[in-house]
Amino acid sequence: MRTLSGVGTTPLSGVGRARWYRPEAALSLPERPDPETVDPEAEVERVERARDEAREALAVARDRTADRVGADEAAVFEAHRQFLDDPQLVGDIEDAVADGTLAEHAVADRFAEAVAQFEGLEGRMAERADDLRDVRDRLLRALLGIDAVDLAALPSETVLLAERLTPSDTAELDPDAVAGIVTATGGRTAHAAIIARALSIPAVVGVGDGLATVDEGVDVLVDGEAGEVVVDPDERRRASAGGVEAPVRTERVHTADGRAVEVAANVGRVAELGPAAERGADGVGLFRTEFLFLDRATPPDEDEQYEAITAALAAFPDDRVVVRTLDVGGDKPVPYLDTPTETNPFLGRRGIRPSLDEHADLFETQLRVLLRATASDHGDGLAVMFPMVARVEEVEAALDRIEAVAEDLDAAGIDHAMPELGAMVETPAAAFLADELADRLDFLSIGTNDLTQYVMAADRENEGVATLHDPLHPAVLRAIDRTAEATGRTDAWIGMCGEMAGDPALTELLVGLGLDELSASSVTVPAVKARVRETDADDAAALAERALACQTREGVLDVLDRS
Amino acid sequence: MERTVEVVPDAGLHARPAAAFVRAANEFEAELTVGRPGEEGVGANSMLAVTGLNVRNGETVRIVAEGDDAAEALDALEAVLTTPVEGKNGESDSEPATDSGGGEPP
């Protein structure tokens, strides 16, 4: 395994078999003949025909790009056509051919001058050189009668390697077949990178000359998030990429020594339920109900909410579905809720706070929906959790509300039961109060994105403090450990939802920290399940001990062998 | 006849704006050149020549037209140079520093 670094331009990962694309290599020109033996008229005609052919191909590429990517991205092909019809270039080529130069050489020579004009310059000018090469190669292929490598028909799980990719090359790629793109040259804003991004193809560009050492046919992992290209990746690195799927296991999994760990899915929309079930999720660990409330003019009514909750229960008839009550405010303003502008929204009216106060009516409706749903088919799997709790009083107030709603339903003769109740641990306060919270609840679920933000005092969205926002910092790990340990002394179970739970490279650590449940985006469920099965609980506990003893993030990375 | 115009599109005279400029120039009979004031212009109907000027956003260029439809040609070319790039984000035409920004609505 070895790693090359470049610029990640599509923040996705994929693994596949390396395939080199070397369009230049195929374009070897014939010997230059004696000018006396060349028929200028025939050559002029050949140039004309080649231009016609290239013009048609450009129109196809433009239409395909407009269709698959967008009109903005397709516009680059209009620029290519302008180069193809450039009076200066065409005039020079025709002059050379009239003097007895073979069409291929006339094209190559004249374009070489034009490319040289732009080559080696920064930014936009260097991109023009790429555009010119693209047009030149089209003309040469037409003249030489060579079909371009059919990029539209690459075998599945191909990682395409190239010195550079033109926009038209990139637009031809089939996102279902291509697991990644790696180029030696290029930058984030190059047209090819933009098209790759729009096609959701993992891409790393600007890797440099080292790329040439990667052989055809080897396995390559493209990590467009980290800007890394891993040649011959090991199993763990593969598992961390979306490209290689661990086998889907619909059954519950245990560690190698028999400890049960639930692996559930985080879901935001009803449409995500089916895919989560297909990937073998043990239920829903986090159903984000705010998506029912966002992007609309008025709040959803009781029936609409009821349908969404029962759909989730139906998708997981034998599993638990943890529904988080409304979590708006902060970074999730809702227009019709008239959220106030706050100086520090992440430290303001968000999570459970508005539900217990200014949005008590919405909260009550939601609790009513949830209690009614417990009496529906599979309603015994329902669990409810409250977001961003900081005080015991908040949990007690929420429990009072749900009791009150239950009494109302009783009075109205509407069937219901009390679901499992839990809270999210997202604030340092909740981690310090985990004992007291767990005493009053059935479960706690650690939200690592926010917990990290608040423990490290580093805004999730602020790139200036991005290195501080790392759940692997010992301070965050100790907050998780404290929460899990305190919960373990009660009857409550402890889960984790958030990105950290979905990183298979961290599964052993999280099992070692004592988590009973991991809930992640459904894409990563099979890989996390696979890791649980490989984990030995005692080894995991020892690993967690070592990580917790570290003083720095680097120390933790060393322990995890991730440095 | 001639006209001096400040270039509005973020990308300057590159990619889409240049293609639109060249396409417009090709629609007229008039002999059209474009260049920086005080320098000799290049053929406005050549993509190669126009992008080779490397004119950036905010720079001023002088367009010279000779021929029957010179006035109309100048109007058309000025319109291209003073129209911000259309489209939802203009990403492909903006400088790296403004990756998320780009063209304003026309």
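1. Buried means under 20% relative accessible area, exposed over 50%, and partly exposed in between. The model discussed here is predicted. With that scale, Arg391(A) is partly exposed, because its relative accessible area is 45%. Its salt-bridge partner is Glu394(A), at 3.6 Å from N to O. Glu394(A) counts as buried, at 6% relative accessibility.

2. Salt bridges overall. The structure holds 48 of them over all chains. Side chains of opposite charge can pair when their charged atoms come close. One network links Glu48(A), Arg51(A), Asp52(A), Arg55(A), Glu78(A), Arg81(A), Asp85(A) and Arg23(B).

3. Arg489(A) and Asp435(A). These two form a salt bridge, with the closest N and O atoms 2.5 Å apart. Arg489(A) lies in the loop between helix H19 (474–488) and strand E16 (493–497) of chain A, and Asp435(A) in helix H17, so the pair ties together parts that are 54 residues apart in sequence. Arg489(A) is exposed at 55% relative accessibility. Asp435(A) is buried at 17%.

4. Arg252(A) and Asp282(A). Here the closest N and O atoms of the salt bridge are 3.9 Å apart. Arg252(A) sits in the loop between helix H10 (235–239) and strand E9 (253–254), and Asp282(A) in the loop between helix H11 (273–278) and strand E11 (284–288), all in chain A, so the bridge ties together parts 30 residues apart in sequence. Arg252(A) is partly exposed, at 37%. Asp282(A) is buried, at 1%.

5. Negative patch. Asp361(A), Glu364(A), Asp400(A), Glu403(A), Glu407(A), Asp408(A) and Asp410(A) gather in a patch of negative charge on the surface. Helices H14 (360–373) and H15 (392–411) of chain A each supply at least two of its residues. The largest share, 5 residues, comes from H15(A). Asp400(A) lies in that helix and is exposed, with a relative accessible area of 52%.

6. Arg372(A). This residue is in helix H14 of chain A. Is Arg372(A) buried or exposed? It is buried, with a relative accessible area of 19%. Beyond its sequence neighbours up to four places away, Arg372(A) touches Glu302(A), Asp303(A), Tyr306(A), Leu409(A), Ile414(A), Asp415(A) and His416(A).

7. Val214(A). The residue lies in the loop between strand E6 (203–205) and strand E7 (219–223) of chain A. Val214(A) is buried, with a relative accessible area of 3%. Its contacts beyond four places in sequence include Arg2(A), Leu4(A), Trp20(A) and Val231(A). Val214(A) and Val231(A) are 17 residues apart in sequence and 7.4 Å apart in space, C-alpha to C-alpha.

Terms used: Residues numbered from 1 in each chain as written. Chains lettered and ligands numbered in written order. Predicted model: local features only at pLDDT ≥ 70, side-chain atom pairs only at ≥ 80, totals over all residues. Heavy atoms only, no water. Patch = residues over 30% accessible without salt bridge, like charges linked within 9 Å, V, L, I, M, F, W, Y side chains within 5 Å. Areas by Shrake-Rupley, 256 points an atom, 1.4 Å probe, with all protein chains shown as cover. Salt bridge = Lys/Arg side-chain N within 4 Å of Asp/Glu carboxyl O. Lys, Arg positive; Asp, Glu negative; His and termini not counted. Charge placed at Lys NZ, Arg CZ, Asp CG, Glu CD. Helix = DSSP H or I, 4+ residues; strand = E, 2+ residues; numbered from the N terminus. Buried < 20%, exposed > 50% of the residue type's maximum accessible area, 1.4 Å probe, protein only. Contact = heavy atoms within 4.5 Å.
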